[in-house]
Amino acid sequence: MIALDCKRVQEKLSSFLDQELTLAEQKELEQHLNICPDCERECEKLQAVRDMLEEFGQAGVSLEESLPLEQIEQKARVDNRIRTVVLSLVVISFLGLLWGVFSYFSHYEPIDPDSFTVVAEITTPFQEQSESGPQATFLPFLELTSGGW
Amino acid sequence: MDKVASEVWYQSLTQEEEKLWFEQKIKECQPKLTKFAYHLTRNSEKAQDLIQEALLRAFKYRKSYKPQYPFSNWVCTILLNVHRQKCKKEKLMRFFVPWKEDGEEEEDLWEFIAVEGDNPEEKTIKNQIWKDLGKVIEELPPKMKEVVVLCDLLGHSYEETSEIVGCPLGTVRSRLHRARKKIKQSVEEKYGSDFLATWG
């Protein structure tokens with residue numbers, strides 16, 4: 001029989017502690033632990049971790065009673081309804097957006113600048129100054145070129 | 001054969017009997033289920049949602065339950081699947097919304113744990129240890145965490161755990177060993193190397 005080396009023993013320590021090894025393996029490990037203080041120490045530490053976790057698992061979590069099945073079903077139905085409404089709203093908004101984009105592009109006509117008639121001309125003080133020198137007025141004035149009051 | 005037996009068993013119940021049977025079974029495994037959900041999520045609200053969704057799914061697919069297996073393990077498998085799906089969704093959501101919203105802070109589960117004993121000092125120390133241990137378990141990779149919760153906290157055997165988690169026995173063995181080693185390392189880093197020798 002080949003003697004187990006420490007690395008292999010330490011890999012099996014958890015299963016050894018949980019008694020999840022075969023009888024032969026269990027015995028082999030026991031023999032090794034009797035002669036190897038390092039592995040024995042490691043085994044004791046893992047045992048402590050295992051005990052600690054077990055105790056932690058047994059510590060009580062405040063249990064809230066679960067709802068009866070009928071209430072769970074009812075709640076799920078309400079949740080489903082909300083989900084359906086939200087989903088429908090999203091779909092409707094998306095379709096609306098699609099329709100808007102489509103109708104905008106289908107009715108789009110490029111603007112012809114010649115089709116406009118000049119109704120009023122606004123001259124800003126800045127323009128006035130640049131065209132007629134320093135005596136320009138600072139107030140903008142509106143010059144009616146067509147139509148009238 | 002199993003499927004046929006399951007269907008025969010199922011057909012012998014009326015709808016009312018079926019509901020009663022289901023509620024009875026749920027009541028029996030409620031504490032285990034609650035603990036499992038709490039340890040997976042570390043958040044009471046999320047745990048309640050998880051349980052609710054798992055129970056709904058269990059009721060929906062009740063025909064697939066095989067009576068020769070423990071009911072609690074079957075529901076635990078469903079709960080774990082729901083939890084995995086939720087985690088995937090959360091991960092995806094975190095990708096699109098990487099910041100945390102106000103009030104979304106994780107609730108500390110370990111305040112729910114009642115430490116037994118009269119000595120207040122001892123209580124405080126143990127509470128702190130449980131808090132730290134909870135954090136260590138939380139920080140484990142998800143697959144290791146599942147195995148530790150099932151084997152060490154809930155006391156399932158390796159075989160049961162492999163059925164619930166859906167992986168071979170050897171994988172459970174190695175995951176559990178690696179998880180315990182990580183926990184040991186973290187505890188020693190936090191409380192010193194002699195701490196574990198004095199435990200118990």
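Within chain B of this predicted model, 14 residues of domain 1 are in contact with 12 residues of domain 2. The domain assignment places domain 1 at 2-96 and domain 2 at 109-198. Chain B also meets its partner: 37 of its residues are in contact with 28 residues of chain A.

**Between the domains of chain B**

- On the side of domain 1 that touches domain 2, helix 2 (15-41) and helix 4 of chain B are the elements giving two or more residues.
- Helix 2 of chain B provides the largest share of that side, with six residues.
- Sorted by class, this side of domain 1 of chain B holds six nonpolar, five polar and three charged residues.

**Where chain B touches chain A**

- At least two residues each come from helix 2, helix 3 (44-60), helix 5 (120-139), helix 6, helix 8 and helix 9 (195-198) of chain B.
- Helix 2 of chain B gives the largest share here, eight residues.
- By class, the side of chain B that touches chain A is made up of 23 nonpolar, seven polar and seven charged residues.

**A look at helix 7 of chain B**

- Helix 7 of chain B covers residues 158-165, and its buried residues are Thr161(B), Glu163(B), Ile164(B) and Val165(B).
- Those buried residues pack against helix 4 (71-96), helix 6 (142-153) and helix 8 (169-191) of chain B.

Methods: Residues numbered from 1 in each chain as written. Chains lettered and ligands numbered in written order. Predicted model: local features only at pLDDT ≥ 70, side-chain atom pairs only at ≥ 80, totals over all residues. Buried ≥ 20, exposed ≤ 12 C-beta atoms within 10 Å, placed from the backbone. Helix = DSSP H or I, 4+ residues; strand = E, 2+ residues; numbered from the N terminus. Contact = placed C-beta atoms within 7 Å. Domains from an automatic or database assignment. Nonpolar A, V, L, I, M, F, W, Y, C, P; charged D, E, K, R; others polar.
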